[in-house]
Structures are given as structure tokens and as C-alpha cells.
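User: I would like to learn how to read the features of a structure, one at a time. Please give me the general idea and then the case at hand.

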Amino acid sequence: MGDSLITIVAIFLAATLMFVFPLVAISEMNDNEAQSMLQAYTTEYVDSIRSAGKITKEMDDAFVQRIATIGGNSYEREYEVQIPDTNPGKKSENQQIGDTTYYGEYTSQVEGQLKSGNGVYTLIPGAKVTVTVRNTNTTISQMLKSVLYGITGNQAYVISAQASGMVTAIGY
Amino acid sequence: MKLQNLTVIFIIIILPVVLLVSFYISTGLRTIKYQSLYDSGLLTAMQDAIYAFEQNTTNDSYSNNAETKRNILKASINAFEKQLANTCNIPSYRSQEIEEYIPAIVFGMYDGFYMYAPSELYNQATGKNEYKHGLKNYVYYSEEIDEDKGIVIKYSLDNYVSVSGEFNGTYQSREGYLIDLSKTNSNGTSYAGVPIDSSDTAAINYYKEAYSFTNWFLNTAQMGSKNPAFKINSSNDPEDENSLFTQHKREVMRNKIENVLNSSISAYSERTWKNNYKMPRLSENDWQKIYSNISMIAFFQGKNIGFTKYNGYCVLNSTNNNEYVNPNLIYFIDSQNPKVYHDIRCPYPYKIGNLTGYKVGSFSRKKVETTDAAGTTTTSYEYEHDALACYNCVNGSHLNATQTVYEYVRSSTTDINDKKAYFTALGRERYNTIKLLNQ
């Protein structure tokens, strides 16, 4: 009886050590790689927006298609644009770039512009653009962790990237 | 002992080891990830700050006023902090929290530098001393030559200097460009055997006044007797990067920046318990950037990134501003094709008509705000010289890569019209630049 029990324990531990941990490690590595690629692509995309001074439908589509290939996951991207408020009726005198009053426009407004008219969201120099990308599916690593650590409910994002910067060109 | 027991014992021993190693590796990966994230975040923040500085100096006609300049620099710092805070996931309304990790920011200007660093202040509300970041007073690149006579020389990024002190029994203060007297004349009509465009009064005045000042510097002030670096002649030409004068000037600049930075960072580090701030050793490449252009140096230290704390700095140049005429960034328009500007070395067959050169900032778009009698403000944009950069110059594919601009315009094989256009433009642009040294 004692021998059988210890054999079962040994098999269980060996299985955990040989299969579960490597699987967790590999899936985490996969997420890490996806994270690195996502950060690189997002930074590259934001840099292209900054130097072009605009977001076009083609740029947005190309970016969405590009990130869709990373790690077999699905992602959502969000825009945040902080625009310098140079309305002369408010407070335009002595305002310097960096010290300006900003107002924000977000994903829905950017998408609205991209879907209507000529499909271009035009930016002005000094505006700050931020793109955030997160995974929307549950990755294998998340599933395994849920089983191992007994997590229930909503999943946190495990793969996310954010890049931002100041627009340096006018996109007219 | 049976094999099964040994197996269980082995697994019980090896399992925590595997977990520990796994934790160690994942923390190591996190450290690398955050290090590269902060490296790129710092660079982006610097780019934003430099861009804000360039735009604000270009669009503000009062940017040469010392107080306006301070406001412009504060706006740049604001842009820098907001961007860096964004990288560190600090919301923009709390972006000043990032200052805890910024022991110093240095703005290398034309003739000195500003430093944004913490100072110890007494808070009346709390009754305690606390640190608050602020823009310190301007520090000139100056050197005391003679303590008894109070002779002080202030340097700049180019050959412009200011000298003050007692000369021949009277106190004098003069400033001007140092020039090799053997290359020009008292009328300023030529330089290095090349005639200066006589219709360009500013260029002629530049060489004339530089001749007069250098003459005073060498013969009346007798500066050459005080330091061999001040003996200006053909083998010690201040325009030459390798001249004794330039080497000496750069040593003074480096020493000044290092001393001020070191003392500020050390004082802050001694009085705060959170982080041990240290001034990193700047590479020679970074110092070259500081010597050759308007620059910004930012230090970002103490942010926890796993096993260690982040310690980084970044040096970035501003090439498009109204502060300094960089001799390497003067571009030329052909009168027959005024819509494109070129590097003087560009072999593209554009040299059909007369060449006129301008500093690179002249080709930028400027914002102009006009307010009418009814108080309505209208914003418009205009160009001082409405031209686009030559494609071949921008990508550098057709430029003569074996020669620098300095070498090209002094080469005996270079066309004299190129030389004339270059030295005329350099003289004019320098003459028209407003300096803080003479304010």
C-alpha cells in the first residue's frame, strides 16, 4: 500500500515537473515574445504617425493587420490624441508647446474620421498621440495560470503595449 | 531506500530550485524589458522636449529675450516630463511625480547652460526643508584669466567670445568674433582669399568687426601673452575644431558642466534617502554633441526595474533653432531654382545662377499671430525662405562623404563661387544672430 502511494505521488510530481511547468514556461515565453513584438510594432506605428502628422485608414488597417499576426492572439488598439488648444477666444497668448492647454480625442473620434470623408485624421504639430494595444483573447499562459492558481472572473491583460510622442509634422 | 523514495526526495529538492530559477529568470527578463522601455521612453521624451524648444523659439519673435527663453525651456521640460511620465504609466495630471527620478536636466545653449535641478527650500506651511525642482540661473562658459586684474573670458559654441577686465589701467568689456587676421582684412572684403559679396552689408560687417575685435584682443588686451591658446594665428584658427583655442575652450566647457552637475547631483543625493543619484560618465561622442550644437542632457535615475534601479541619461542636439549658426547647417538656394535648397557639397547640377546661403532654421515654417483693431486674433503660417530640401542632400547619397563642410570650403579644388557663397552666408547669419553675451 505504502509503495503504491509513494509511486502515485512520484508519478504526479514527475508529471507536474515534466509537463505542466515546461508548458507554463513555454506559454509565458510566447507571451513575452508577443509583448516585445507588439511594443516594437506599436512604437514604429506611433513614430510613423508623428512624422506623417496624420492617421490614415490605410495606416490604421495595415497596423491592425500587422499586429493580428503576433503570437496567435487577437488585439484591440486604442487611440488617445491630446491636441493643443490654440483657440484665440480662450488663452492663446504666451502659450508654448509643452505648456499648452490640451483637449483630448479618443478612439471613437479617430475611427469616426477614418470611416468618413477621405479617411484621414489630421494632426497638428505639438499634438501628443498615444496608441495602446491589448490582447482580447485568453492566452494559453492565462488559462494555465487560471488552473494552477485558481483565478476566476475577468482576466487581466497579459500582453499590452503603449507608445506615445509629439507630432512633428502637419498632415495636410 | 527505495527508488520511489529517492525520486520523491529528488523532486522535493529540485522543485523549489526550479521555481527559484524561474523567478530569477523572469525578474531578469523584466529588468531587461523595463530597461529598454525606459531607454526608448527617455529618447522619445527628449525628442519631444527638443521639438517643443525648436518650435517655440522659431515661432516666438521674443525668444532671444532672457525671460522668454526661460519660459520656453520650462515648456520644454514640461513636454519632457509628461512624455516620460507616460512611459512610466504615471497619469499626465501627476506628471511632476516623475521629477523624483530626474536629478538634473542641462540645456547647453550658445554661450552657457541652464540647469533644471532640485533645490532645498523651506516650506513655511510644513516648517520643513524640502526639495523642489526649478530652472537655475544661467551659467556662462567662462574662465578667469587674471585674478588681480579681474580678466574674465566667456566662450561660446563658435568663435564668439566676451572679454572683460582691466587692460592698460582701465576696465574694459568687449565682445566679438575671433578670426585669423591673416585670412581677412580691416575692410572685411575677403576671407581666406575669397571675396565676400559686397552687396551683403551684414557679411562685410561681420568680417570687419571680427578683424577689429581680434586686433584688440591680440594687441591691446595682449591676451596671447596670458595663454598660448589665445595666440590667434593661421596655425591656431578658432574656426578649426582641432586648434589649440577650440581644444582649450572645450575643456573649459566640459569642466564647467561637470562641476555644476556633480555638485548639484551629489547634494541632492546626500539629502535624500530614496535614491543614490550619481552622475554617469558621459561618452566622448556625447561631449562632441554638446560642443557642437545646442543640446539637452537629461538624467533619469532611481526607478525600480526588478533586480536593480534604472540609471540612464540621454544627450540630444537641436539643429533647427535661432540660437546658433551651425557652420555645417547652412543651406543654399540657386537664384534660377529658388524652390529647393542644397548642401554646399551637393554635386547635383543646381549651380546655374547665384547661390545664397541661409541657416537651416530659415527654411522652417513660422507661426504668425496678428490681432486687428477689434481684438480678433488671426493665425497664419509663413516661410522666411519658401523652399524644400534637395532629396539628394537629405539622404546624403550624392554628397561628397570624404570631406566635411569645413574641409570642402577650404579645399583648393573647390569652386570659388561656392566658397564665396558659403563665407558670405556664414558671416551674414552670424552677424544677425542675437547673443545673450552682449545683453
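User: Where is Gly224(B) found?

Analyst: Gly224(B) sits in the loop between α3 and α4 (244–271) of chain B. This is a predicted model, in which local features need pLDDT of at least 70, side-chain atom pairs count only at pLDDT 80 or more, and totals for chains, interfaces and linings use all residues. Residues are numbered from 1 along each chain as its sequence is written, while chains are lettered from A and ligands numbered from 1 in the order in which they are written.

User: Is Gly224(B) buried, exposed or partly exposed, and what decides it?

Analyst: A residue is buried if 20 or more other C-beta atoms lie within 10 Å of its own, exposed if 12 or fewer, and partly exposed in between, with C-beta atoms placed from the backbone. Gly224(B) has 16 C-beta neighbours inside 10 Å, so it counts as partly exposed.

User: Which residues is Gly224(B) in contact with?

Analyst: Two residues are in contact if their C-beta atoms, placed from the backbone, lie within 7 Å. Leaving aside neighbours within four places in sequence, Gly224(B) is in contact with Leu218(B), Phe230(B) and Lys231(B).

User: How do I check the span of the helix α3(B)?

Analyst: The expected span is 1.5 Å times one less than the number of residues. Helix α3(B) covers residues 201–220, and its 20 residues should span 28 Å; the end C-alpha atoms are 27 Å apart, which agrees. Buried residues of α3(B) include Ala203(B), Tyr207(B), Tyr211(B) and Phe217(B). Among the elements that cover the buried residues of α3(B) are β6 (160–167), β7 (170–177) and α8 (416–432) of chain B. After α3(B) comes Gln222(B), with a positive phi near 55°.

User: How do β2(B) and β3(B) pair?

Analyst: Two strands pair if DSSP finds at least two bridges between them. Strand β2(B), residues 112–123, pairs with β3(B) in the antiparallel sense over eight bridges. Ala117(B) stands opposite Gly134(B) in β3(B). The two strands form a hairpin with four residues between them, and Gly127(B) in the turn has a positive phi of about 70°. Strand β3(B), residues 128–135, is hardly covered: of its eight residues, the count of buried ones is zero.

User: In what order do the strands of the open sheet in chain B run?

Analyst: The four strands follow the order β14-β12-β13-β17 (chain B), with mixed pairing. Its edge strands, β14 (355–359) and β17 (388–389) of chain B, each pair on one side only. Strands β12(B) and β13(B) run antiparallel and are joined by four bridges. Ile333(B) has Tyr341(B) in β13(B) as its bridge partner.

User: Which residues touch the most other members of the largest nonpolar core?

Analyst: A nonpolar core is a set of buried Ala, Val, Leu, Ile, Met, Phe, Trp, Tyr and Cys residues joined through C-beta atoms within 7 Å. The largest one holds 115 residues, and Ala49(B), Ala298(B) and Phe300(B) touch the most other members. Its largest share, nine residues, comes from α1(B). Not counting residues up to four places away in sequence, Ala298(B) touches residues including Leu42(B), Phe80(B) and Tyr313(B).

User: How many residues does each chain bring to the contact between chains A and B?

Analyst: Chain B brings 28 residues and chain A brings 26 residues. On the side of chain B that touches chain A, the largest share, 17 residues, comes from α1(B).
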